[in-house]
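This report describes a protein structure for a reader new to the subject. Please look over the sequence and the model before reading on.

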Amino acid sequence: MPELPEVETIARELSTALSGKEIRQVLVYREKNLIGRAERFASGILGKTILEVHRRGKFLVFSLSQDTFILSHLRMEGRYRIEKGKGEKRKHDIVSFALSESETLTYEDTRKFGRLEVLSKRELDERLSLLGPEAIGLTGEDFHAILHSSSAPLKEALMDQRLIAGIGNIYADEILFASSLSPFLPGRDVSIEEAARLAKETNRILSLAIVNRGSSIHSFLNFSGNQGNMQNLLQVYGKREMPCPRCGTKLTYTKCGGRGTTYCPNCQHSSILPYILGITGPIHAGKSTASHFFEERGWRVFDADKEVKALYQNRSVLRDMKRMLGKESVIGCNVNAPYLRNLFATSPKVRSAWEKHLEPLLEKRFEEIKSCLKPGENLVLDVPLLARSSLRFHCDAVLLLLAPEDKRKERLEKEGKDAASLLKLNDSYPLALSKKIATYEIKNEGDIAALEKKLSELPLF
């Protein structure tokens with residue numbers, strides 16, 4: 001979705017190309033993109049002259065004669081084009097305007113999410129009054145006052161158009177990285193010094209993006225049909241799992257307010273937030289040893305295996321197990337572990353369905369533990385199948401532990417476990433996916449002291 005720099009680029013080009021031209025005919029091809037009836041839209045602007053086009057937040061505002069305005073939001077794929085003569089109608093055209101000087105202005109929208117509306121001056125003022133102040137030009141004091149009223153994570157607050165107008169997903173990631181601020185830091189906890197950095201970087205990055213005519217990430221083209229250049233200067237957006245340009249740590253991709261978010265877990269971590277480290281790896285790769293290492297240093301531990309065992313004491317979970325996995329999966333009030341191991345090893349789809357069934361219950365339990373953390377207290381999230389779980393989106397960083405299969409087999413046999421069966425079950429471990437999301441990767445050769453030394457060298461202490 002075009003943000004402030006992209007919309008500003010289009011507004012300037014439209015204003016230059018259209019100022020002083022009269023609207024002589026309006027053809028509506030798809031009324032659903034208009035707010036109001038097509039007849040009212042056309043009659044409200046017919047015969048009026050375009051005075052200028054400017055931007056407010058992410059909106060385009062066409063100022064016409066007689067205090068009339070067209071308010072346009074491009075949403076995902078909307079764009080304008082101008083042609084000499086009538087021009088040929090294209091598949092995704094929404095509205096066309098025949099102008100003086102034998103030109104035609106057309107709004108097209110592949111996704112058909114954009115909106116256009118004709119408004120009076122009073123109606124326009126009312127509509128735009130719902131927007132916060134423009135992102136460009138705000139001072140540190142402005143940011144501090146605005147954010148102090150919001151308990152939402154900082155990234156959500158920056159993208160809330162009611163608080164600050166113009167910032168979207170791309171530039172929120174860039175601004176927060178440049179300001180060394182966590183996207184999850186509550187807005188109300190931003191200090192006056194942090195707000196000053198935020199103001200400085202917001203003005204710098206958005207101004208730079210305007211000079212570079214916006215970012216063409218997916219399909220953005222300016223009014224001239226050309227791509228912007230800002231995408232070549234982005235530091236973190238779209239660079240998930242790449243090294244941080246400041247410290248080299250692998251950039252983390254997660255969700256914040258439902259939006260994909262890329263940030264550096266090292267450079268952008270706030271000391272007042274809990275640091276959540278996901279630990280994953282195949283069976284007997286050393287996850288428990290690593291979790292215990294962090295626990296001894298004051299970290300809380302969420303052990304998914306232990307939490308699942310606790311869930312297996314719940315009668316409703318056992319009822320669901322019988323229904324989904326067969327009556328043989330439960331003996332009395334206990335889980336039939338050998339049956340489940342065999343079932344999961346031979347039926348990956350059944351195992352996946354059961355994991356998805358348990359996931360909301362595990363996530364609820366995780367949220368309960370997370371809510372009890374004190375400021376600055378950290379948490380290890382020990383989840384063997386983290387790469388396939390939504391719990392990965394809660395992690396600031398992910399540690400992948402690996403170990404040679406012969407070492408893992410040896411450890412299992414020492415514990416008197418059915419090594420062959422367990423290793424077969426573990427064949428479906430998503431190693432490639434785990435490597436993709438891992439921030440850190442450690443090979444455990446079996447020496448606990450050597451493993452602890454490697455853990456102590458991670459940039460987490």
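The model is predicted: local features need pLDDT of at least 70, side-chain atom pairs count only at pLDDT 80 or more, and totals for chains, interfaces and linings use all residues. Residues are numbered from 1 along each chain as its sequence is written, and side-chain values use heavy atoms, with hydrogens and water left out.

The protein contains 16 helices and 17 strands. Both are DSSP runs numbered from the N terminus: helices are H or I with at least four residues, strands are E with at least two. The C-alpha trace spans about 90 × 50 × 35 Å along its principal axes. Of the 461 residues, 51% count as buried. Buried means under 20% relative accessible area, exposed means over 50%, and partly exposed lies in between (1.4 Å probe, protein chains only).

Helix α12 covers residues 348-371, which makes 24 residues. From first to last C-alpha, α12 reaches 34 Å, close to the 34 Å expected at 1.5 Å a residue; the expected span is 1.5 Å times one less than the number of residues. At Glu359, α12 bends by about 30°, and Pro360 follows within four residues. The bend is the angle between axes fitted to the seven residues ending at a residue and the seven starting there. Buried residues of α12 include Trp354, Leu358 and Phe366.

In helix α11 (residues 337-346), the residues Leu340, Leu343 and Phe344 are buried. These residues lie on the same side of α11 because they cover an arc of only 95° around the axis, where the arc is that of the directions from the helix axis to the C-beta atoms.

A salt bridge is a side-chain nitrogen of Lys or Arg within 4 Å of a carboxyl oxygen of Asp or Glu. By this rule there are 30 salt bridges. Three of them are listed here.

| Salt bridge | N to O distance |
|---|---|
| Glu22 and Arg24 | 3.9 Å |
| Glu108 and Arg79 | 3.1 Å |
| Lys121 and Asp125 | 2.9 Å |

Is Glu108 buried or exposed? Glu108 counts as buried, at 12% relative accessibility, and Arg79 is also buried, at 18%. In contrast, Arg24 is exposed, with a relative accessible area of 53%. Lys121 and Asp125 both lie in helix α3 (residues 121-128), four residues apart, about one turn of the helix. Salt bridges that share partners join Arg79, Arg81, Glu83, Arg90, Asp93 and Glu108 into one network.
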